[in-house]
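Good morning, and thank you for joining this meeting.

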Amino acid sequence: MLDLINNYKKEIDKLQINNASELEDFRVKFISKKSVINDLFKKFKTIPPKEKGEIGIKINVLKTIAKNKLNEASCQLKKGTVLKNDFEDFSLPPRTEDLGSIHPIRKIKNKIISIFSEIGFSIEDGPEIEKDWYNFTALNFPENHPAREMQDTFFVERDPDIVLRTHTSNVQIRLMEEKKPPLRVIIPGKVYRNETVSSKSHCFFHQVEGLFVNEGVSFKDLKDTLYYFAKEMFGKKTKVRFRPSYFPFTEPSAEMDISWKSGWLEILGSGMVDPNVLENCGLDSKKYSGFAFGMGIERIAMLKYQIDDLRLFSQNDIRFLKQFRGAN
Ligand code: PHE
């Protein structure tokens, strides 16, 4: 009997189970009621009691081996079928349900980046927690000047002040301090202001800053660049108009409007970099000049996609986000 048990054990070890019918054969031969192992148990009853101990253990071990083999083989076969379907059945419909979509803010940001990249602007980045110097003072906001009130600021520390940047213009200063002109950059990023939007407080939004500094940069360059941008962004027929404005760090300053439906809509602030700002960054204002501009990404996204509530951008409502699948 011991020989028989050993032979079955060897047979199970060697056996390859390649498909469902071989699995069933295995089950019938080794596991079912009519299995050879059950026959062994029947014979077991007839052997002399002295031999029972060792043989009993061996049959039980064989039974366990057979069960394990069955489990393993059936798992392997299941895995195999799933894989086969995934990789080989190209006629199955694509599974699109779980696909996300790019957030509208990111879409517009990418579009702005690609428009300016084509005319030689590179992309830069800077900190969102910022020293007063970079967010205000170097940008020609005198201390205690009412211009600071235009941007309701979150303070991280006082004296010396550290703020959540209220605009991306902080990076203008960092770049001009670090690098010599020519500088031709755009700076997309998050900015923070304590603004109230219809009873809900709203504390951050996105901007793209632009800066071009070199010898002989003129207001004409500013207008050409921004006109080009408006046409690429909103369509070739778009008209623009510049209105005089005020920012401490640009002189002269202008807001740009685009023609929209039957009227005009403001989309960005801009101007020639104030000579004080160039000097604050160690650049000779007699030699260099430049222009800068800043726009809110939310505003542009709202125009492009006709969205009327700013809060939709940050609520993460899947019904809203799904609408931007495939949108340009
Ligand atoms: N930083 C200004 C704002 O946030 C926009 C701006 C940038 C204006 C660059 C002029 C030049 O309102």
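Which residues in α5 meet which residues in α10? P104, I105, K107, I108, K109 and I112 of α5 meet I297, E298, I300, A301, K304 and Y305 of α10, where contact means heavy atoms within 4.5 Å. These contact residues divide into eight nonpolar, no polar and four charged; Ala, Val, Leu, Ile, Met, Phe, Trp, Tyr, Cys and Pro count as nonpolar, Asp, Glu, Lys and Arg as charged, and the others, Gly among them, as polar.

A word on the source. This is a predicted model, in which local features need pLDDT of at least 70 and side-chain atom pairs count only at pLDDT 80 or more, while totals for chains, interfaces and linings use all residues. Residues are numbered from 1 along each chain as its sequence is written, and side-chain values use heavy atoms, with hydrogens and water left out.

The axes of α5 (residues 104–118) and α10 (residues 297–305) come within 9 Å and cross at roughly 100°; axes are lines fitted to C-alpha atoms, for helices over the stretch in contact, with angles from 0 to 180 degrees between N-to-C directions. The two helices, α5 and α10, are therefore roughly perpendicular, a term for angles of 65 to 115 degrees.

The protein chain has 12 helices and 10 strands, which are DSSP runs (H or I, at least four residues; E, at least two). Strands β7 (residues 240–247) and β8 (residues 250–260) run antiparallel, joined by seven bridges; pairing requires at least two DSSP bridges. V240 has I258 in β8 as its bridge partner.

Finally, the C-alpha trace spans about 110 × 50 × 45 Å along its principal axes.

Notes:
Parallel < 35°, antiparallel > 145°, perpendicular 65-115°, else oblique.
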